Amino acid sequence: IGFSQVNESTPLSDIARYMQWAGGLLDIRLATFSKSTKQHRYWTYDEWMGQSAQTRSTYIQMGVVIRAERQEFIIAKDNLTSDTGATGIQWAPNNSNDVRGLPNFYGDSSLLADINGEANTDLILAAIESNGIDYPAARRAREYRCCSTADGGVEDPTVWSLPAIGQLWLFYKYLLEINAALTLFGMAPISTGDWYWSSTECNSSIAWNVSMNGGLVYVTYKPNTYRARAVAPAPPSSAI
């Protein structure tokens with residue numbers, strides 16, 4: 001079922017949950033990190049609300065962590081904004097830059113297998129360094145912080161990235177569940193009427209995005225302005 005941690009010693013009850021995770025949505029939980037240790041901890045709503053106010057104050061809320069279709073990653077607690085504070089962000093300011101090393105996907109069957117937004121964002125940012133051309137959506141994703149010393153007493157150590165198309169597709173596929181969880185924990189929902197950028201490129205002119213109103217996976221010229229939301233790796237959960 002695609003999980004290296006499953007072996008002959010794994011209880012059948014756990015295997016059933018791994019099968020659920022492999023084929024669909026397992027769960028969505030609150031993602032936090034400890035102010036003192038910076039270690040991640042994930043909570044159901046009941047677990048979080050069952051803690052004292054003092055205990056909750058020792059954690060920073062990052063967003064929600066989703067476990068679905070063999071993936072596990074954190075979705076930031078709010079949308080990105082441009083350098084000027086606008087909700088729409090360009091992928092790139094022009095149509096003539098193919099990011100070196102970033103695979104080009106033309107809508108083939110492997111498109112949604114691109115699920116490493118961190119690796120994609122690393123390559124895009126390296127292109128900024130090498131050619132001096134800005135890639136605002138990826139840059140703003142990497143610059144994102146869920147807290148700072150000014151508002152949370154601690155600087156967010158997380159490496160945030162622009163999601164790959166296979167991650168962004170899960171935004172739409174489980175949009176109702178994700179937005180319900182974000183709202184339950186007092187965070188900003190994903191905008192259901194907008195398109196969102198992925199870090200997946202098609203060619204020098206266009207990149208992939210997803211409509212949160214209908215789920216269309218499509219390509220758009222890079223200078224267009226769309227919404228963006230950062231994601232981050234989730235250290236593997238200790239319990240299924």
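Mentor: A polar contact is a pair of N or O atoms within 3.5 Å; within protein, one must be able to donate a hydrogen and the other to accept it, and residues adjacent in sequence count only if both atoms are side-chain atoms. The model here is predicted: local features need pLDDT of at least 70, side-chain atom pairs count only at pLDDT 80 or more, and totals for chains, interfaces and linings use all residues. Residues are numbered from 1 along each chain as its sequence is written, and side-chain values use heavy atoms, with hydrogens and water left out.

Trainee: Why is Glu201 called buried?

Mentor: Buried means under 20% relative accessible area, exposed over 50%, and partly exposed in between (1.4 Å probe, protein chains only). Glu201 has 0% relative accessibility, so Glu201 counts as buried. Glu201 is found in strand β6 (residues 195-201).

Trainee: What joins the side chains of Glu201 and Lys222?

Mentor: A polar contact of 2.5 Å joins the two side chains. A polar atom of the Glu201 side chain also lies 3.2 Å from the backbone nitrogen of Val99. Beyond four places in sequence, Glu201 is in contact with several residues, among them Trp91, Leu102, Trp208 and Lys222.

Trainee: What makes Thr81 partly exposed?

Mentor: The relative accessible area of Thr81 is 30%, which falls between the limits of 20% and 50%. Thr81 lies in the loop between β4 (71-76) and β5. The C-alpha atoms of Thr81 and Arg140 are separated by 7.5 Å, although these residues are 59 residues apart along the chain. Arg140 is one of the residues in contact with Thr81.

Trainee: Why is the aromatic pair of Phe3 and Trp21 called tilted?

Mentor: Rings of Phe, Tyr and Trp (its six-membered ring) pair if their centres lie within 6.5 Å; planes under 30 degrees apart count as stacked, over 60 as edge-to-face and the rest as tilted. The ring centres of Phe3 and Trp21 are 4.9 Å apart and the planes are at 45°, so the pair is tilted. Phe3 lies in the segment before α1 and Trp21 in helix α1, so the pair ties together parts that are 18 residues apart in sequence. Phe3, Tyr18 and Trp21 form one aromatic cluster.

Trainee: What sits over the ring of Trp21?

Mentor: The charged end of Arg67 does, 5.2 Å from the ring centre. The rule asks for NZ of Lys or CZ of Arg within 6 Å of the ring centre and within 35 degrees of the ring normal.

Trainee: How do you know that Arg17 forms a salt bridge with Asp27?

Mentor: Their closest N and O atoms are 3.9 Å apart, and the limit is 4 Å. Arg17 is in helix α1 and Asp27 in strand β1 (residues 25-34), ten residues apart. Arg17 counts as partly exposed at 31% relative accessibility, whereas Asp27 is buried at 15%.

Trainee: Which residues are linked with Arg17 and Asp27 in a network of salt bridges?

Mentor: Arg29, Arg67 and Glu72 are linked with them. Arg29 meets Asp27 at 3.7 Å between the closest N and O atoms, and Glu72 meets Arg29 at 3.8 Å, N to O. Glu72 lies in strand β4 and Arg29 in strand β1, so that pair ties together parts that are 43 residues apart in sequence. Glu72, at 17% relative accessibility, counts as buried, and Arg29 is buried with a relative accessible area of 10%. The whole structure holds 13 salt bridges.

Key: Helices (H or I, at least four residues) and strands (E, at least two) are DSSP runs, numbered from the N terminus. Contact means heavy atoms within 4.5 Å. A salt bridge is a side-chain nitrogen of Lys or Arg within 4 Å of a carboxyl oxygen of Asp or Glu.
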